[in-house]
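These are my notebook entries on the structure below, set down in the order in which I looked things up.

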Amino acid sequence: MTNGSYFAFKTVDWGNMGAATWETIWMTIVSMIAVAILGVLLGLLLFETTASNNFAVKALNWIVSFLVNVFRSIPFIILIMLLLPITKNLVGTIIGPTAALPSLIVSAAPFYARMVELAFHEIDRGVIEAAEAMGASQWQIVYKVLLPESMPALVSGATVTTISLIGYTAMAGAIGAGGLGNLAYIDGFQASNNTIVLVATVIIVIIVFIFQFIGDFLVRRIDKRTL
Amino acid sequence: MIEFKDVTKTFNTKEGDLTAVADVNLTIEDGEIYGIVGYSGAGKSTLTRMLNGLETPTGGEIDINGDKITGLSGSELRQKRQKIGMIFQHFNLLWSRTVLKNIMFPLEVAGVPRKERKEKAQHLVDLVGLTGRENSYPSELSGGQKQRVGVARALANDPEILISDEATSALDPQTTDEVLDLLLEINKKMNLSIVLITHEMHAIRKICDHVAVMDSGRVVEQGTVFNVFRNPQQEITKRFVNEEVDPSLSDTNIVLDDLIKSYPNGTIVQLVFHGDQAKLPIVSEIIHQYPDLQVSIIEGSIHQTQEGAIGTLYLQLIGNSDNVDGAMALLKKMRVETEVIHHD
(Lines give C-alpha, C1' and ligand atoms only; values in the text may rest on other atoms or scores of the structure.)
Protein backbone atom coordinates (compact mmCIF):
# COMPACT_ATOMS: atom_id res chain seq x y z
CA MET A 1 0.00 0.00 0.00
CA THR A 2 1.15 3.50 -0.71
CA ASN A 3 -0.93 5.45 1.83
CA GLY A 4 -2.28 7.76 -0.86
CA SER A 5 1.12 9.13 -1.83
CA TYR A 6 1.44 10.64 -5.29
CA PHE A 7 5.14 10.02 -5.49
CA ALA A 8 5.65 6.32 -4.74
CA PHE A 9 7.21 5.66 -8.13
CA LYS A 10 8.55 2.26 -7.06
CA THR A 11 4.97 0.96 -7.12
CA VAL A 12 4.56 1.79 -10.80
CA ASP A 13 4.77 -1.13 -13.21
CA TRP A 14 6.40 0.68 -16.15
CA GLY A 15 5.79 -2.23 -18.50
CA ASN A 16 2.04 -1.95 -17.92
CA MET A 17 2.24 1.82 -18.15
CA GLY A 18 4.01 1.60 -21.53
CA ALA A 19 1.49 -0.90 -22.87
CA ALA A 20 -1.40 1.30 -21.70
CA THR A 21 0.18 4.37 -23.30
CA TRP A 22 0.52 2.53 -26.56
CA GLU A 23 -3.14 1.40 -26.37
CA THR A 24 -4.26 4.99 -25.85
CA ILE A 25 -2.21 6.23 -28.79
CA TRP A 26 -3.39 3.36 -30.96
CA MET A 27 -7.08 4.01 -30.14
CA THR A 28 -6.64 7.72 -30.78
CA ILE A 29 -4.86 7.35 -34.11
CA VAL A 30 -7.04 4.59 -35.55
CA SER A 31 -10.27 6.29 -34.53
CA MET A 32 -8.98 9.67 -35.77
CA ILE A 33 -8.21 8.28 -39.21
CA ALA A 34 -11.76 6.93 -39.44
CA VAL A 35 -13.19 10.19 -38.00
CA ALA A 36 -11.25 12.29 -40.52
CA ILE A 37 -12.53 10.28 -43.48
CA LEU A 38 -16.12 10.06 -42.22
CA GLY A 39 -16.14 13.66 -41.02
CA VAL A 40 -14.95 15.06 -44.34
CA LEU A 41 -17.52 12.97 -46.23
CA LEU A 42 -20.36 13.97 -43.89
CA GLY A 43 -19.22 17.60 -43.83
CA LEU A 44 -19.08 17.63 -47.62
CA LEU A 45 -22.55 16.12 -47.79
CA LEU A 46 -23.90 18.77 -45.42
CA PHE A 47 -22.14 21.56 -47.35
CA GLU A 48 -23.27 20.43 -50.78
CA THR A 49 -26.87 19.90 -49.74
CA THR A 50 -27.28 23.15 -47.80
CA ALA A 51 -28.52 25.55 -50.47
CA SER A 52 -30.59 23.33 -52.69
CA ASN A 53 -34.07 23.91 -54.04
CA ASN A 54 -34.59 20.23 -54.71
CA PHE A 55 -36.92 18.70 -52.13
CA ALA A 56 -35.12 15.33 -51.95
CA VAL A 57 -31.77 17.05 -51.43
CA LYS A 58 -33.28 19.29 -48.78
CA ALA A 59 -34.70 16.26 -46.98
CA LEU A 60 -31.32 14.52 -47.10
CA ASN A 61 -29.65 17.60 -45.63
CA TRP A 62 -32.26 17.74 -42.90
CA ILE A 63 -31.89 14.06 -41.98
CA VAL A 64 -28.07 14.07 -41.93
CA SER A 65 -28.04 17.33 -40.02
CA PHE A 66 -30.50 15.92 -37.48
CA LEU A 67 -28.47 12.72 -36.95
CA VAL A 68 -25.27 14.71 -36.58
CA ASN A 69 -26.90 16.89 -33.93
CA VAL A 70 -28.31 13.88 -32.08
CA PHE A 71 -25.00 12.02 -31.91
CA ARG A 72 -23.18 15.18 -30.91
CA SER A 73 -25.60 15.62 -28.00
CA ILE A 74 -25.30 12.13 -26.48
CA PRO A 75 -22.80 12.08 -23.60
CA PHE A 76 -19.96 9.75 -24.53
CA ILE A 77 -20.32 7.42 -21.57
CA ILE A 78 -23.97 6.82 -22.47
CA LEU A 79 -23.13 6.38 -26.16
CA ILE A 80 -20.78 3.51 -25.26
CA MET A 81 -23.58 1.69 -23.46
CA LEU A 82 -26.01 2.47 -26.26
CA LEU A 83 -23.64 1.00 -28.85
CA LEU A 84 -22.70 -2.11 -26.82
CA PRO A 85 -24.81 -4.56 -28.87
CA ILE A 86 -23.56 -3.10 -32.16
CA THR A 87 -19.97 -3.18 -30.91
CA LYS A 88 -20.34 -6.83 -29.93
CA ASN A 89 -21.65 -7.68 -33.40
CA LEU A 90 -18.98 -5.66 -35.14
CA VAL A 91 -15.88 -6.43 -33.11
CA GLY A 92 -16.91 -9.62 -31.36
CA THR A 93 -16.09 -8.29 -27.92
CA ILE A 94 -16.91 -5.37 -25.67
CA ILE A 95 -13.55 -5.35 -23.89
CA GLY A 96 -10.23 -3.91 -25.13
CA PRO A 97 -9.02 -1.08 -27.34
CA THR A 98 -10.68 -2.37 -30.53
CA ALA A 99 -14.05 -2.49 -28.79
CA ALA A 100 -13.73 1.21 -28.00
CA LEU A 101 -13.36 2.19 -31.67
CA PRO A 102 -17.03 2.15 -32.78
CA SER A 103 -18.17 4.47 -29.99
CA LEU A 104 -15.11 6.74 -30.39
CA ILE A 105 -15.77 7.10 -34.11
CA VAL A 106 -19.53 7.53 -33.80
CA SER A 107 -19.14 10.24 -31.20
CA ALA A 108 -16.32 12.21 -32.85
CA ALA A 109 -17.26 11.98 -36.54
CA PRO A 110 -20.37 14.20 -36.28
CA PHE A 111 -18.38 16.70 -34.25
CA TYR A 112 -15.71 16.87 -36.92
CA ALA A 113 -18.31 16.89 -39.72
CA ARG A 114 -19.70 20.17 -38.40
CA MET A 115 -16.22 21.67 -38.34
CA VAL A 116 -15.62 20.51 -41.91
CA GLU A 117 -18.92 22.01 -43.05
CA LEU A 118 -18.01 25.29 -41.37
CA ALA A 119 -14.55 25.26 -42.95
CA PHE A 120 -16.09 24.83 -46.43
CA HIS A 121 -18.54 27.65 -45.77
CA GLU A 122 -15.66 29.94 -44.94
CA ILE A 123 -14.13 29.57 -48.41
CA ASP A 124 -14.69 32.69 -50.49
CA ARG A 125 -17.79 32.06 -52.60
CA GLY A 126 -16.09 33.94 -55.46
CA VAL A 127 -13.27 31.41 -55.68
CA ILE A 128 -15.72 28.54 -56.07
CA GLU A 129 -17.58 30.54 -58.67
CA ALA A 130 -14.36 31.27 -60.53
CA ALA A 131 -13.70 27.51 -60.70
CA GLU A 132 -17.24 26.98 -62.01
CA ALA A 133 -16.71 29.70 -64.60
CA MET A 134 -13.57 27.88 -65.77
CA GLY A 135 -15.65 24.79 -66.44
CA ALA A 136 -14.64 22.74 -63.39
CA SER A 137 -16.93 19.82 -62.54
CA GLN A 138 -18.46 19.42 -59.09
CA TRP A 139 -15.88 16.77 -58.24
CA GLN A 140 -12.98 18.91 -59.47
CA ILE A 141 -14.24 21.76 -57.30
CA VAL A 142 -14.22 19.45 -54.29
CA TYR A 143 -10.65 18.22 -54.60
CA LYS A 144 -9.06 21.22 -56.32
CA VAL A 145 -10.82 24.03 -54.45
CA LEU A 146 -12.78 23.01 -51.35
CA LEU A 147 -10.21 20.67 -49.81
CA PRO A 148 -6.97 22.62 -50.45
CA GLU A 149 -8.54 26.03 -49.68
CA SER A 150 -9.94 24.84 -46.35
CA MET A 151 -6.94 22.71 -45.37
CA PRO A 152 -5.71 24.86 -42.45
CA ALA A 153 -9.20 24.84 -40.91
CA LEU A 154 -9.53 21.09 -41.56
CA VAL A 155 -6.22 20.40 -39.85
CA SER A 156 -6.85 22.61 -36.84
CA GLY A 157 -10.33 21.09 -36.53
CA ALA A 158 -8.76 17.64 -36.65
CA THR A 159 -6.35 18.67 -33.91
CA VAL A 160 -9.18 19.77 -31.63
CA THR A 161 -11.08 16.57 -32.42
CA THR A 162 -8.03 14.39 -31.73
CA ILE A 163 -7.60 15.99 -28.34
CA SER A 164 -11.19 15.37 -27.36
CA LEU A 165 -10.77 11.81 -28.65
CA ILE A 166 -7.88 11.32 -26.21
CA GLY A 167 -10.26 12.38 -23.45
CA TYR A 168 -12.86 9.91 -24.73
CA THR A 169 -10.35 7.04 -24.80
CA ALA A 170 -9.72 7.59 -21.10
CA MET A 171 -13.43 7.48 -20.42
CA ALA A 172 -13.82 4.36 -22.54
CA GLY A 173 -10.87 2.90 -20.61
CA ALA A 174 -12.76 3.24 -17.35
CA ILE A 175 -15.35 0.75 -18.58
CA GLY A 176 -12.92 -1.78 -20.00
CA ALA A 177 -11.41 -0.44 -23.19
CA GLY A 178 -7.82 -0.51 -21.97
CA GLY A 179 -5.32 2.29 -22.26
CA LEU A 180 -4.26 4.89 -19.71
CA GLY A 181 -7.80 5.59 -18.53
CA ASN A 182 -8.30 1.95 -17.74
CA LEU A 183 -4.96 1.72 -15.94
CA ALA A 184 -5.60 4.85 -13.90
CA TYR A 185 -9.02 3.52 -12.90
CA ILE A 186 -8.17 -0.12 -12.09
CA ASP A 187 -4.56 0.01 -10.88
CA GLY A 188 -4.76 3.56 -9.61
CA PHE A 189 -8.17 4.57 -8.27
CA GLN A 190 -9.51 1.16 -7.24
CA ALA A 191 -6.17 0.12 -5.73
CA SER A 192 -5.81 3.49 -3.99
CA ASN A 193 -2.51 4.08 -5.79
CA ASN A 194 -2.45 7.82 -6.51
CA THR A 195 1.00 7.61 -8.06
CA ILE A 196 -0.38 5.60 -10.95
CA VAL A 197 -3.22 8.10 -11.42
CA LEU A 198 -0.69 10.93 -11.48
CA VAL A 199 1.70 9.23 -13.89
CA ALA A 200 -1.19 8.31 -16.24
CA THR A 201 -2.36 11.93 -16.11
CA VAL A 202 1.07 13.32 -16.93
CA ILE A 203 1.44 10.93 -19.88
CA ILE A 204 -1.99 11.91 -21.25
CA VAL A 205 -1.11 15.60 -20.94
CA ILE A 206 2.14 14.96 -22.82
CA ILE A 207 0.26 13.11 -25.59
CA VAL A 208 -2.20 16.02 -25.88
CA PHE A 209 0.68 18.49 -26.10
CA ILE A 210 2.39 16.47 -28.80
CA PHE A 211 -0.76 16.28 -30.93
CA GLN A 212 -1.38 20.00 -30.41
CA PHE A 213 2.18 20.80 -31.43
CA ILE A 214 1.99 18.67 -34.57
CA GLY A 215 -1.37 20.23 -35.50
CA ASP A 216 -0.17 23.80 -35.01
CA PHE A 217 3.02 23.09 -36.95
CA LEU A 218 1.09 21.66 -39.91
CA VAL A 219 -1.35 24.58 -39.98
CA ARG A 220 1.54 27.05 -40.08
CA ARG A 221 3.17 25.09 -42.89
CA ILE A 222 0.10 24.91 -45.15
CA ASP A 223 -1.50 28.28 -44.50
CA LYS A 224 -0.34 30.64 -47.26
CA ARG A 225 -2.98 33.31 -46.70
CA THR A 226 -0.73 35.62 -44.74
CA LEU A 227 2.99 35.57 -45.11
CA MET B 1 -19.85 37.19 -82.36
CA ILE B 2 -22.02 37.27 -79.28
CA GLU B 3 -25.73 37.92 -79.59
CA PHE B 4 -28.14 38.64 -76.78
CA LYS B 5 -31.68 38.22 -78.05
CA ASP B 6 -34.50 39.58 -75.86
CA VAL B 7 -32.67 38.33 -72.80
CA THR B 8 -34.59 38.60 -69.54
CA LYS B 9 -33.72 37.40 -66.06
CA THR B 10 -36.17 37.44 -63.20
CA PHE B 11 -35.25 36.35 -59.69
CA ASN B 12 -37.88 34.99 -57.32
CA THR B 13 -37.21 36.60 -53.99
CA LYS B 14 -39.17 36.71 -50.78
CA GLU B 15 -40.19 40.27 -51.61
CA GLY B 16 -41.61 39.11 -54.96
CA ASP B 17 -40.21 38.88 -58.45
CA LEU B 18 -37.19 40.99 -59.22
CA THR B 19 -36.32 41.67 -62.83
CA ALA B 20 -32.55 42.05 -63.00
CA VAL B 21 -32.29 42.09 -66.79
CA ALA B 22 -35.13 43.09 -69.09
CA ASP B 23 -35.34 42.47 -72.86
CA VAL B 24 -31.71 43.07 -73.63
CA ASN B 25 -30.62 42.93 -77.27
CA LEU B 26 -26.92 43.34 -77.91
CA THR B 27 -24.49 42.25 -80.59
CA ILE B 28 -20.82 42.06 -79.80
CA GLU B 29 -18.57 41.66 -82.81
CA ASP B 30 -15.43 39.52 -82.88
CA GLY B 31 -12.30 41.19 -81.65
CA GLU B 32 -13.92 44.26 -80.15
CA ILE B 33 -13.91 45.48 -76.58
CA TYR B 34 -17.49 46.01 -75.55
CA GLY B 35 -18.13 48.03 -72.43
CA ILE B 36 -21.22 47.67 -70.29
CA VAL B 37 -21.56 50.54 -67.86
CA GLY B 38 -24.11 51.16 -65.14
CA TYR B 39 -24.45 51.81 -61.45
CA SER B 40 -24.47 48.84 -59.09
CA GLY B 41 -27.71 46.92 -59.32
CA ALA B 42 -28.24 47.93 -62.95
CA GLY B 43 -28.06 44.29 -64.04
CA LYS B 44 -24.74 44.36 -65.89
CA SER B 45 -23.16 41.57 -63.85
CA THR B 46 -26.24 39.38 -64.15
CA LEU B 47 -26.24 39.98 -67.91
CA THR B 48 -22.67 38.80 -68.36
CA ARG B 49 -23.01 35.95 -65.90
CA MET B 50 -25.59 34.52 -68.30
CA LEU B 51 -22.88 34.46 -70.95
CA ASN B 52 -21.08 31.59 -69.21
CA GLY B 53 -24.11 30.01 -67.62
CA LEU B 54 -23.46 31.14 -64.05
CA GLU B 55 -27.03 32.43 -64.35
CA THR B 56 -29.73 31.08 -66.63
CA PRO B 57 -31.94 33.57 -68.46
CA THR B 58 -35.66 33.30 -67.80
CA GLY B 59 -36.37 34.55 -71.31
CA GLY B 60 -34.64 35.01 -74.64
CA GLU B 61 -31.41 33.41 -75.79
CA ILE B 62 -27.70 34.03 -76.08
CA ASP B 63 -25.61 32.83 -79.02
CA ILE B 64 -21.84 32.70 -79.11
CA ASN B 65 -20.41 32.33 -82.61
CA GLY B 66 -23.76 30.94 -83.72
CA ASP B 67 -23.97 28.33 -80.95
CA LYS B 68 -26.81 28.70 -78.53
CA ILE B 69 -25.38 28.90 -75.01
CA THR B 70 -28.69 29.06 -73.19
CA GLY B 71 -30.04 25.65 -72.33
CA LEU B 72 -26.65 23.96 -72.25
CA SER B 73 -25.93 21.94 -69.14
CA GLY B 74 -23.57 19.36 -67.71
CA SER B 75 -20.40 18.62 -69.64
CA GLU B 76 -21.50 20.62 -72.71
CA LEU B 77 -21.75 23.74 -70.61
CA ARG B 78 -18.41 23.02 -68.90
CA GLN B 79 -16.75 22.59 -72.29
CA LYS B 80 -18.13 25.93 -73.42
CA ARG B 81 -17.08 27.65 -70.20
CA GLN B 82 -13.48 26.64 -70.81
CA LYS B 83 -13.58 28.89 -73.86
CA ILE B 84 -14.89 31.88 -71.91
CA GLY B 85 -12.30 33.50 -69.69
CA MET B 86 -13.42 35.62 -66.78
CA ILE B 87 -11.68 38.04 -64.44
CA PHE B 88 -13.19 39.34 -61.24
CA GLN B 89 -13.20 42.40 -59.00
CA HIS B 90 -11.71 40.48 -56.10
CA PHE B 91 -9.43 38.37 -58.32
CA ASN B 92 -10.74 35.07 -56.86
CA LEU B 93 -7.37 33.37 -56.92
CA LEU B 94 -6.70 30.23 -54.89
CA TRP B 95 -4.52 31.33 -51.98
CA SER B 96 -3.27 27.77 -51.58
CA ARG B 97 -1.65 27.79 -55.02
CA THR B 98 1.34 29.65 -56.36
CA VAL B 99 1.05 32.04 -59.29
CA LEU B 100 2.08 29.31 -61.74
CA LYS B 101 -0.29 26.73 -60.23
CA ASN B 102 -3.18 29.20 -60.23
CA ILE B 103 -2.66 29.68 -63.95
CA MET B 104 -2.44 25.91 -64.39
CA PHE B 105 -5.82 25.43 -62.71
CA PRO B 106 -8.00 25.88 -65.82
CA LEU B 107 -5.57 23.71 -67.79
CA GLU B 108 -5.97 20.93 -65.22
CA VAL B 109 -9.72 21.32 -65.51
CA ALA B 110 -9.44 20.97 -69.29
CA GLY B 111 -7.25 17.87 -68.92
CA VAL B 112 -4.14 19.31 -70.59
CA PRO B 113 -1.09 17.03 -70.06
CA ARG B 114 1.26 18.01 -67.24
CA LYS B 115 4.27 19.11 -69.28
CA GLU B 116 2.17 21.21 -71.64
CA ARG B 117 0.36 22.80 -68.67
CA LYS B 118 3.60 24.00 -67.22
CA GLU B 119 4.94 25.40 -70.49
CA LYS B 120 1.71 27.21 -71.24
CA ALA B 121 1.41 28.67 -67.74
CA GLN B 122 5.00 29.90 -67.89
CA HIS B 123 4.32 31.53 -71.25
CA LEU B 124 1.29 33.32 -69.75
CA VAL B 125 3.29 34.45 -66.72
CA ASP B 126 5.70 36.12 -69.15
CA LEU B 127 2.87 37.58 -71.21
CA VAL B 128 1.28 39.38 -68.24
CA GLY B 129 4.64 40.60 -67.00
CA LEU B 130 5.05 38.49 -63.87
CA THR B 131 8.26 36.72 -64.83
CA GLY B 132 10.14 35.82 -61.66
CA ARG B 133 7.00 35.65 -59.50
CA GLU B 134 5.93 32.15 -60.63
CA ASN B 135 6.42 30.62 -57.21
CA SER B 136 4.92 33.45 -55.16
CA TYR B 137 1.63 32.97 -53.38
CA PRO B 138 -1.22 35.44 -54.01
CA SER B 139 -0.78 36.87 -50.51
CA GLU B 140 2.68 38.04 -51.53
CA LEU B 141 1.38 40.03 -54.52
CA SER B 142 -0.07 43.53 -54.88
CA GLY B 143 -3.61 44.02 -56.18
CA GLY B 144 -2.39 44.79 -59.68
CA GLN B 145 -0.19 41.71 -59.75
CA LYS B 146 -3.07 39.56 -58.50
CA GLN B 147 -5.23 40.81 -61.33
CA ARG B 148 -2.44 39.99 -63.80
CA VAL B 149 -2.55 36.43 -62.50
CA GLY B 150 -6.33 36.59 -62.96
CA VAL B 151 -5.87 37.69 -66.57
CA ALA B 152 -3.28 34.98 -67.26
CA ARG B 153 -5.57 32.36 -65.73
CA ALA B 154 -8.49 33.56 -67.84
CA LEU B 155 -6.39 33.24 -71.00
CA ALA B 156 -5.07 29.75 -70.25
CA ASN B 157 -7.53 27.80 -72.39
CA ASP B 158 -7.33 30.18 -75.38
CA PRO B 159 -10.78 31.63 -74.82
CA GLU B 160 -13.01 33.08 -77.53
CA ILE B 161 -14.28 35.74 -75.12
CA LEU B 162 -12.89 37.41 -72.04
CA ILE B 163 -15.35 38.75 -69.48
CA SER B 164 -14.05 41.40 -67.14
CA ASP B 165 -16.45 41.81 -64.22
CA GLU B 166 -15.48 45.08 -62.50
CA ALA B 167 -11.91 43.83 -62.73
CA THR B 168 -10.36 47.22 -62.02
CA SER B 169 -12.83 48.44 -59.40
CA ALA B 170 -10.71 47.33 -56.45
CA LEU B 171 -7.52 48.87 -57.86
CA ASP B 172 -6.00 52.32 -57.53
CA PRO B 173 -6.08 54.62 -60.61
CA GLN B 174 -2.56 53.85 -61.76
CA THR B 175 -2.93 50.09 -61.39
CA THR B 176 -6.32 50.35 -63.11
CA ASP B 177 -4.62 51.90 -66.12
CA GLU B 178 -1.95 49.20 -66.14
CA VAL B 179 -4.54 46.43 -66.13
CA LEU B 180 -6.60 48.22 -68.81
CA ASP B 181 -3.48 48.60 -70.96
CA LEU B 182 -2.83 44.89 -70.51
CA LEU B 183 -6.39 44.06 -71.63
CA LEU B 184 -6.04 46.31 -74.66
CA GLU B 185 -2.71 44.73 -75.55
CA ILE B 186 -4.21 41.24 -75.32
CA ASN B 187 -7.21 42.31 -77.36
CA LYS B 188 -4.96 43.60 -80.15
CA LYS B 189 -2.45 40.76 -79.99
CA MET B 190 -4.94 37.89 -79.92
CA ASN B 191 -7.95 39.54 -81.54
CA LEU B 192 -9.89 38.44 -78.46
CA SER B 193 -13.35 39.84 -77.81
CA ILE B 194 -13.60 41.41 -74.39
CA VAL B 195 -16.79 42.23 -72.50
CA LEU B 196 -15.91 44.83 -69.92
CA ILE B 197 -18.34 45.51 -67.11
CA THR B 198 -17.63 48.59 -65.07
CA HIS B 199 -19.11 51.58 -63.33
CA GLU B 200 -16.13 53.72 -64.29
CA MET B 201 -16.54 55.65 -67.53
CA HIS B 202 -12.79 56.07 -67.48
CA ALA B 203 -12.26 52.37 -68.25
CA ILE B 204 -14.80 52.54 -71.08
CA ARG B 205 -13.19 55.58 -72.66
CA LYS B 206 -9.72 54.17 -72.38
CA ILE B 207 -10.12 50.83 -74.12
CA CYS B 208 -13.66 50.15 -75.38
CA ASP B 209 -14.90 50.32 -78.96
CA HIS B 210 -18.59 50.09 -78.16
CA VAL B 211 -20.52 50.79 -75.01
CA ALA B 212 -23.95 49.91 -73.66
CA VAL B 213 -25.37 51.88 -70.75
CA MET B 214 -27.59 49.89 -68.40
CA ASP B 215 -30.15 51.17 -65.97
CA SER B 216 -32.66 49.07 -64.01
CA GLY B 217 -31.99 45.98 -66.08
CA ARG B 218 -32.39 47.67 -69.45
CA VAL B 219 -29.90 48.84 -72.01
CA VAL B 220 -30.89 52.49 -72.28
CA GLU B 221 -28.23 53.59 -74.73
CA GLN B 222 -25.62 51.94 -76.91
CA GLY B 223 -23.21 52.88 -79.62
CA THR B 224 -19.59 53.59 -80.32
CA VAL B 225 -17.75 55.04 -77.36
CA PHE B 226 -16.94 58.12 -79.37
CA ASN B 227 -20.56 58.84 -80.24
CA VAL B 228 -21.86 58.14 -76.77
CA PHE B 229 -19.27 60.44 -75.24
CA ARG B 230 -19.86 63.18 -77.79
CA ASN B 231 -23.56 63.08 -77.76
CA PRO B 232 -25.09 61.32 -74.77
CA GLN B 233 -28.88 60.97 -75.08
CA GLN B 234 -30.09 59.69 -71.74
CA GLU B 235 -29.84 61.49 -68.41
CA ILE B 236 -27.92 58.59 -66.86
CA THR B 237 -25.45 58.53 -69.74
CA LYS B 238 -24.89 62.26 -69.36
CA ARG B 239 -24.12 61.71 -65.72
CA PHE B 240 -21.56 59.03 -66.54
CA VAL B 241 -20.02 61.09 -69.33
CA ASN B 242 -19.84 64.21 -67.15
CA GLU B 243 -18.15 62.32 -64.35
CA GLU B 244 -15.52 61.28 -66.81
CA VAL B 245 -15.09 64.38 -68.95
CA ASP B 246 -14.81 66.46 -65.85
CA PRO B 247 -13.87 64.42 -62.81
CA SER B 248 -13.41 67.56 -60.70
CA LEU B 249 -16.76 69.02 -61.62
CA SER B 250 -17.53 70.00 -58.05
CA ASP B 251 -14.19 71.81 -57.77
CA THR B 252 -14.95 73.65 -60.97
CA ASN B 253 -18.29 74.81 -59.64
CA ILE B 254 -16.54 76.38 -56.69
CA VAL B 255 -14.10 78.10 -59.02
CA LEU B 256 -17.00 79.28 -61.17
CA ASP B 257 -18.81 80.72 -58.17
CA ASP B 258 -15.68 82.59 -57.14
CA LEU B 259 -15.15 83.97 -60.61
CA ILE B 260 -18.75 85.03 -60.93
CA LYS B 261 -18.34 86.92 -57.66
CA SER B 262 -15.05 88.55 -58.69
CA TYR B 263 -16.09 89.35 -62.24
CA PRO B 264 -19.80 90.00 -62.19
CA ASN B 265 -19.87 91.03 -65.84
CA GLY B 266 -17.92 88.07 -67.15
CA THR B 267 -19.36 85.42 -69.39
CA ILE B 268 -18.36 81.86 -68.60
CA VAL B 269 -18.55 79.35 -71.41
CA GLN B 270 -17.97 75.64 -71.55
CA LEU B 271 -16.43 74.40 -74.79
CA VAL B 272 -16.43 70.77 -75.85
CA PHE B 273 -14.10 69.64 -78.64
CA HIS B 274 -14.11 66.40 -80.54
CA GLY B 275 -11.34 64.73 -82.46
CA ASP B 276 -9.20 67.11 -84.49
CA GLN B 277 -10.93 70.19 -83.07
CA ALA B 278 -8.91 69.62 -79.94
CA LYS B 279 -5.83 70.50 -81.94
CA LEU B 280 -7.18 73.84 -83.23
CA PRO B 281 -5.69 77.02 -81.73
CA ILE B 282 -9.11 78.20 -80.60
CA VAL B 283 -8.09 80.43 -77.72
CA SER B 284 -5.39 82.26 -79.62
CA GLU B 285 -7.79 82.74 -82.51
CA ILE B 286 -10.29 84.47 -80.19
CA ILE B 287 -7.58 86.68 -78.69
CA HIS B 288 -6.24 87.46 -82.13
CA GLN B 289 -9.59 88.55 -83.54
CA TYR B 290 -10.89 90.28 -80.39
CA PRO B 291 -7.85 91.89 -78.77
CA ASP B 292 -10.05 93.91 -76.37
CA LEU B 293 -11.54 90.75 -74.92
CA GLN B 294 -10.02 89.34 -71.75
CA VAL B 295 -9.90 85.55 -71.90
CA SER B 296 -8.99 83.49 -68.90
CA ILE B 297 -8.96 79.71 -68.67
CA ILE B 298 -10.74 78.28 -65.65
CA GLU B 299 -10.21 74.62 -66.34
CA GLY B 300 -9.53 72.33 -69.24
CA SER B 301 -8.89 68.72 -70.02
CA ILE B 302 -8.39 66.47 -73.01
CA HIS B 303 -9.03 62.72 -72.96
CA GLN B 304 -7.92 60.24 -75.56
CA THR B 305 -10.50 57.65 -76.55
CA GLN B 306 -10.07 54.76 -78.97
CA GLU B 307 -11.43 56.90 -81.82
CA GLY B 308 -10.03 60.32 -81.01
CA ALA B 309 -9.73 63.06 -78.46
CA ILE B 310 -12.50 64.70 -76.45
CA GLY B 311 -11.71 67.94 -74.69
CA THR B 312 -13.48 70.38 -72.43
CA LEU B 313 -12.47 73.91 -71.68
CA TYR B 314 -14.00 76.48 -69.38
CA LEU B 315 -13.30 80.06 -70.45
CA GLN B 316 -14.22 83.34 -68.91
CA LEU B 317 -14.75 86.14 -71.37
CA ILE B 318 -14.69 89.75 -70.14
CA GLY B 319 -15.39 92.61 -72.46
CA ASN B 320 -18.21 94.53 -74.11
CA SER B 321 -21.12 92.56 -75.43
CA ASP B 322 -20.08 93.06 -79.09
CA ASN B 323 -16.79 91.37 -78.44
CA VAL B 324 -18.37 88.57 -76.41
CA ASP B 325 -21.04 87.92 -79.02
CA GLY B 326 -18.40 88.03 -81.73
CA ALA B 327 -16.28 85.48 -79.90
CA MET B 328 -19.30 83.22 -79.46
CA ALA B 329 -20.06 83.50 -83.17
CA LEU B 330 -16.45 82.63 -83.93
CA LEU B 331 -16.66 79.54 -81.77
CA LYS B 332 -19.84 78.53 -83.53
CA LYS B 333 -18.09 79.02 -86.87
CA MET B 334 -15.32 76.70 -85.73
CA ARG B 335 -18.03 74.17 -84.85
CA VAL B 336 -17.04 74.02 -81.23
CA GLU B 337 -19.87 73.00 -78.95
CA THR B 338 -20.43 76.03 -76.74
CA GLU B 339 -22.55 76.43 -73.66
CA VAL B 340 -22.85 79.56 -71.56
CA ILE B 341 -22.63 78.47 -67.94
CA HIS B 342 -23.46 81.77 -66.33
CA HIS B 343 -24.23 85.14 -67.70
CA ASP B 344 -24.88 88.09 -65.42
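I took helices (H or I, at least four residues) and strands (E, at least two) as DSSP runs, numbered from the N terminus. On that basis I counted 9 helices and 0 strands in chain A, and from the N terminus on I read its elements as α-α-α-α-α-α-α-α-α.

Before going further I noted that this is a predicted model, in which local features need pLDDT of at least 70 and side-chain atom pairs count only at pLDDT 80 or more, while totals for chains, interfaces and linings use all residues. Residues are numbered from 1 along each chain as its sequence is written, chains are lettered from A and ligands numbered from 1 in the order in which they are written, and side-chain values use heavy atoms, with hydrogens and water left out.

For overall extent, I found that the C-alpha atoms of chain A fill a box of roughly 75 × 45 × 25 Å along the principal axes.

Next I turned to the interface. Taking contact as heavy atoms within 4.5 Å, I found 24 residues of chain A in contact with 23 residues of chain B. The two chains, A and B, bury about 2,100 Å² between them, 62% of it on carbon and sulfur atoms; buried area here is the accessible area (1.4 Å probe) that two parts lose on being put together, summed over both.

I then looked for salt bridges (a side-chain nitrogen of Lys or Arg within 4 Å of a carboxyl oxygen of Asp or Glu), and the rule finds 2 across the interface of chain A and chain B. One salt bridge that I looked up joins the side chains of Glu108(B) and Lys144(A), at 2.6 Å from N to O.

Which helices of chain A each supply at least two residues of the side that touches chain B? I found α6 (125-133) and α7 (138-177), and α6(A) gives the most, with 7 residues.

Last, I checked the surface for nonpolar patches, made of residues with over 30% relative accessible area and no salt bridge, nonpolar side chains (Val, Leu, Ile, Met, Phe, Trp, Tyr) being joined within 5 Å. A patch of about 650 Å² is made by Ile77(A), Ile78(A), Met81(A), Leu84(A), Ile94(A), Ile95(A), Met171(A) and Ile175(A). I noted that α3(A) gives the most to this nonpolar patch, with 3 residues, and that Ile175(A) has its place in helix α7 of chain A.

Conventions
Patch = residues over 30% accessible without salt bridge, like charges linked within 9 Å, V, L, I, M, F, W, Y side chains within 5 Å. Areas by Shrake-Rupley, 256 points an atom, 1.4 Å probe, with all protein chains shown as cover.
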